[in-house]
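Let's take a friendly walk through one protein model, piece by piece. Have the sequence and the 3D view open beside you as you read.

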Amino acid sequence: MAVSAMSSESQGNMGETPMLLKSRMHLATQNPFVGLDEIVTENQPLAPHTWYKIGGPARWFLRPRNVDELQDAARRCVENDIPIYVLGLGANLLVGDNGVNGAVFRLDADHWRRVKYDGNTVEVAAGADMQKLILRTVREGLAGIECLAGIPGTVGGGVRMNAGGKYGDIGAFITSVQVMDVTGMLFERTKDDLVFDYRSTNISAKFILGATMELEPDDPDRIMKRTKEIWMFKRNTQPLNTKNCGCMFKNPRGLSAGALIDQAGLKGFKVGGAEVSEKHANFIVAHPGCKADDVMKLVKIIREKVFDKNEIHLESEVQIWP
Ligand code: EPU
């Protein structure tokens, strides 16, 4: 018995009847991730993975545990024309109510959360939580990224968007970024060819795998004091205890999107369960029962009103899927 089973295995497709082959191919078209079952789920609700807690499911949800699995899964997406999305902590993300007809990758296994300290240099994998990293670097007496205190996200998401605020951006501390394209090719981007602009970078590769940062040695108490001040500023000016996805719009050059929306008289303006925050007008708060569509409609109205008043087009800072 065992022998015959082995011999038919080793024959591969050659030993299959056309009927068997057809049914295998049919299965493959149904599930392009056959063999990756441990890291794939189908029709996975995305709302729990976002700060907004709204939006529909992902057709495929993948949590590769290492580079090999990531390469394998990404290549299968390419072969099967499946659009790829990469999820961080979902803090700056609005998923549409119909969800995403594609593959959503989440790099949250241990491998993607490694951090290595070597003097002033910190090597960190993309899935590491930025706020936890800040607390660690403060304790290690390394200053710089505390400017990101209170900005939720993973290191990968932070690098992708050049996360920051008035105290500084992550890009200022990055010396290299490890990336992978959709074909599974690995690259290292170094400081001399990296450009970090306001909430953007020139990294085009789909996957950010990790980053290396150069920080400044400083007294841990002094860095902690600064971290707390930045936190207090955020707590006093932003609706932190609500469901939101951070600032909805980028600041137009030299201006504040929040101030423009405020001046258009939109604080407290509602569509369904979505409301322009009374505390900071660049935040759209999702109340219980809010739909992604409510937020989208509100975004459209805000843009129209601000354009009518100032002839300024507000550009979204938040990622909107699909
Ligand atoms: N303002 C108003 N009304 C409002 C909100 C703000 O008049 O409703 C005024 C403020 O009084 C201030 C100016 O607008 O004079 C700027 O506001 P703020 O100081 O709050 O900063 P911001 O430019 O709105 C930026 C980042 C935030 C970051 C803060 C603090 C953007 C789009 N926003 O906000 O980042 O937390 O600085 O560093 O760059 C985010 O990226 O998600 C985010 C929230």
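## Helix α8 and its buried side

The buried residues of α8 are A292, D294, V295, L298, V299, I302 and V306. Here buried means under 20% relative accessible area, exposed means over 50%, and partly exposed lies in between (1.4 Å probe, protein chains only). Because these residues cover an arc of only 145° around the axis, they sit on the same side of α8; the arc is that of the directions from the helix axis to the C-beta atoms.

Before going on, a word about the source: this is a predicted model, in which local features need pLDDT of at least 70 and side-chain atom pairs count only at pLDDT 80 or more, while totals for chains, interfaces and linings use all residues. Residues are numbered from 1 along each chain as its sequence is written, and side-chain values use heavy atoms, with hydrogens and water left out.

Helices (H or I, at least four residues) and strands (E, at least two) are DSSP runs, numbered from the N terminus. Helix α8 spans residues 292-310, which makes 19 residues. From its first C-alpha to its last, α8 reaches 27 Å, close to the 27 Å expected at 1.5 Å a residue; the expected span is 1.5 Å times one less than the number of residues.

What covers the buried residues of α8? Among the covering elements are β4 (93-95), α7 (257-263), β17 (270-271), β18 (274-276) and β19 (284-286). Contact means heavy atoms within 4.5 Å. On the face turned away from the buried side, α8 carries the exposed residues K300 and D308.

## A sheet of four strands

Now look for an open sheet of four strands with the order β1-β2-β5-β3 and mixed pairing. Two strands pair if DSSP finds at least two bridges between them. Strands of a sheet pair through backbone hydrogen bonds, either parallel or antiparallel.

Why is one side of β1 and of β3 left without a neighbour in the sheet? Both β1 (40-45) and β3 (84-87) stand at the edges, each with a single partner strand, so one side of each has no neighbour there. On average, neighbouring strands of this sheet are turned by 35° against each other, direction ignored.

Strand β5 (residues 100-106) pairs with β3 in the parallel sense over four bridges. Four bridges also join β2 to β5, and these two run parallel. Six of the seven residues of β5 are buried, so this strand is mostly covered. The table lists some residues that stand opposite one another.

| Residue | Opposite residue in β5 |
|---|---|
| L62 | F105 |
| I84 | A103 |
| L87 | R106 |

Helix α3 (residues 67-79) packs on the sheet, touching β2 (57-62), β3 and β5. The direction of α3 makes about 165° with that of β5; axes are lines fitted to C-alpha atoms, for helices over the stretch in contact, and angles run from 0 to 180 degrees between N-to-C directions.

D68 lies in helix α3. Is D68 buried or exposed? At 58% relative accessibility, D68 counts as exposed. D68 and G184 are 116 residues apart in sequence, but 8.7 Å apart in space, C-alpha to C-alpha.

G184 belongs to the hairpin of β11 and β12, which has five residues between the strands, and takes a positive phi near 95°. Strands β11 (residues 174-180) and β12 (residues 186-190) pair in the antiparallel sense over five bridges. The bridge partner of V177 is R189 in β12.

## Backbone angles worth a look

Most residues other than glycine have a negative phi, and most peptide bonds are trans. With that in mind, find N162, in the loop between α5 (155-161) and β9 (164-165). Its phi is positive, near 45°, and N162 is buried, with a relative accessible area of 1%.

E311 follows α8 and lies in the loop between α8 and β20. E311 has a positive phi of about 55° although it is not a glycine, and is exposed, with a relative accessible area of 65%. Further along, the peptide bond from W321 to P322 is cis, with omega near 0°. P322 lies in the segment after β20 (319-321).

## Cysteines

How many disulfides does the structure hold? The structure holds zero, where a disulfide is a pair of cysteine sulfur atoms within 2.5 Å. The sulfur of C245 is 9.3 Å from the closest cysteine sulfur, in C247, too far for a bond. C245 counts as buried at 0% relative accessibility, and C77 is buried too, with a relative accessible area of 1%.
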